[in-house]
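Please open the model in your viewer and keep the selection tool handy. We will walk through it one stop at a time.

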Amino acid sequence: MTIENFIAYNPTRLHFGKGVTDTIGKTVKQYGNNVLLVYGKGSAKKYGYYEKVLGQLAKAGLNIREYHGIKPNPVVDDVRKAVALGKANNIDVLVALGGGSVIDSSKIIGLSIANNIDPWEFMTWRAEPEKSIPLVTVLTLAATGTEMNAAAVLQNHETGHKLGFVNPLLFPKDSFLDPSFTVTVPKDYTAYGIVDLIAHALEAFFGCGEPSIIDRITIAIIKDAMEWGPQLLNDLQNVDLRANIMLDATLALNGFTSYGKKNGDWGVHGLGHELSFLYDLPHGATLSIVYPAWLRLQKTRIPQRIQKLGEGLFGTTDLEEIIQKLEAFFSSLGSPIRIAETGIDTSKKKEILKQMNKNEVSGMHHALNNEDRARLVEMMMS
Ligand code: NZQ
Ligand code: ZN
């Protein structure tokens, strides 16, 4: 019931629905004429989204430069290259066309150009940005919520980190969400997106503060995704189902579920990021492995909170049953629930634990120590 003090702020203008990118040229033009268009490794061109967006930008008479090749689990090296290109061409607005990896990279490209500071300085929280380059996004994968939030996540293989940075300057100015741009997302990534959005709701739910209305809304977001997600996996081209999951994903991490909370927990995400860093596993796939283990670790520590979730989701307060049901749901989507399912065998146990301990991965509300991390890795393995 406790509502913590909070500040609500979200300046992103969302353009949601079929055909919304038809007006993107006009929207981008209000921020400047020199555009840096950022996209990923191939899907945007392959499925025609690039052509559609480029056509609208060209029609508006904008000068367009491009940086492409952003990889899933994006790396700081790409961001640095895009920054150099952006600076050389005096760009004054960024357009990100893709999923979380492209949008997150673009957020940091904008900060780095505007402040003339190396991107990793922000990711390690050593530099405080003063300004940014306006960012317009076109989302092609429903999962992260980055289209309407102030976070970005990047990897650095030199330092051995996958880190997140949060700052109000990272909110996109405008985000275009056309669910028909997501019909080509393959079945596995569609499933990982559903897991990711559910995990975002759970991270909020297990944070500090228990505002009744937000608990109800958070559980409703998870239930919605649990209803439409499996249907979508059997009907990937269905735009209505895509639209529902897309809206769920945005709502799960646009700040709304944090009203009345001091923080979210984010320990599961931290642990998942280490698995992504080590083995390049898709983000959502790491979360379906870590969440069941985390809940088993916490079930004697926060039983009532887990029971509240279980009652809302499955109509049961039996702790092990709740965890098993969630686990079975992730599994039914085709997302792994144990590390072995990703092809990584138990011989990696030490390596995983070492990485997690080195970075002292913990939650913001539920702290984790070395012993907890050892138990968690054990449970992810067996
Ligand atoms: O590179 P391309 O060829 O474009 O292919 C991508 C990529 O291989 C493909 N894809 C995207 N849209 C598609 C499509 N394929 C077919 N049709 C389409 N319409 O999907 C693959 C995965 O893309 P990616 O952008 O990596 O996925 P996602 O959106 O899940 O983003 C994951 C990244 O976001 C971070 C994750 O850690 C990870 O690095 N996160 C960002 C958050 C944030 N900023 O708030 C929060 C999240 O918790 C998360 O940490
Ligand atoms: Zn996530």
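Start by colouring the chain by domain: domain 1 covers 19–177 and domain 2 covers 187–381, with bounds from an automatic or database domain assignment. Their C-alpha centres lie 26 Å apart. The model is predicted, so local features need pLDDT of at least 70 and side-chain atom pairs pLDDT 80 or more, while totals for chains, interfaces and linings use all residues. Residues are numbered from 1 along each chain as its sequence is written, and side-chain values use heavy atoms, without hydrogens and water.

Next, show the interface between the domains. About 1600 Å² is buried there, 57% of it from carbon and sulfur atoms; this is the accessible area (1.4 Å probe) that the two parts lose on being put together, summed over both. Select Ala142, Ala143 and Lys162 in domain 1: these lose the most area to domain 2, together 28% of what that side buries.

Which residue forms a salt bridge with Asp280? Pick Lys71, whose closest N atom is 3.8 Å from an O atom of Asp280. The rule here asks for a side-chain nitrogen of Lys or Arg within 4 Å of a carboxyl oxygen of Asp or Glu.

For the last stop, go to helix 11 (residues 283–298) and select Gln298; helices are DSSP runs of H or I, at least four residues, numbered from the N terminus. Is Gln298 buried or exposed? Gln298 is buried, because its relative accessible area is 2% and the cut-off for buried is under 20% (1.4 Å probe, protein chains only). Beyond its neighbours within four places in sequence, Gln298 contacts Pro303, Ile306, His366 and Leu368, with heavy atoms within 4.5 Å.

Methods:
Chains lettered and ligands numbered in written order. Helix = DSSP H or I, 4+ residues; strand = E, 2+ residues; numbered from the N terminus. Buried < 20%, exposed > 50% of the residue type's maximum accessible area, 1.4 Å probe, protein only.
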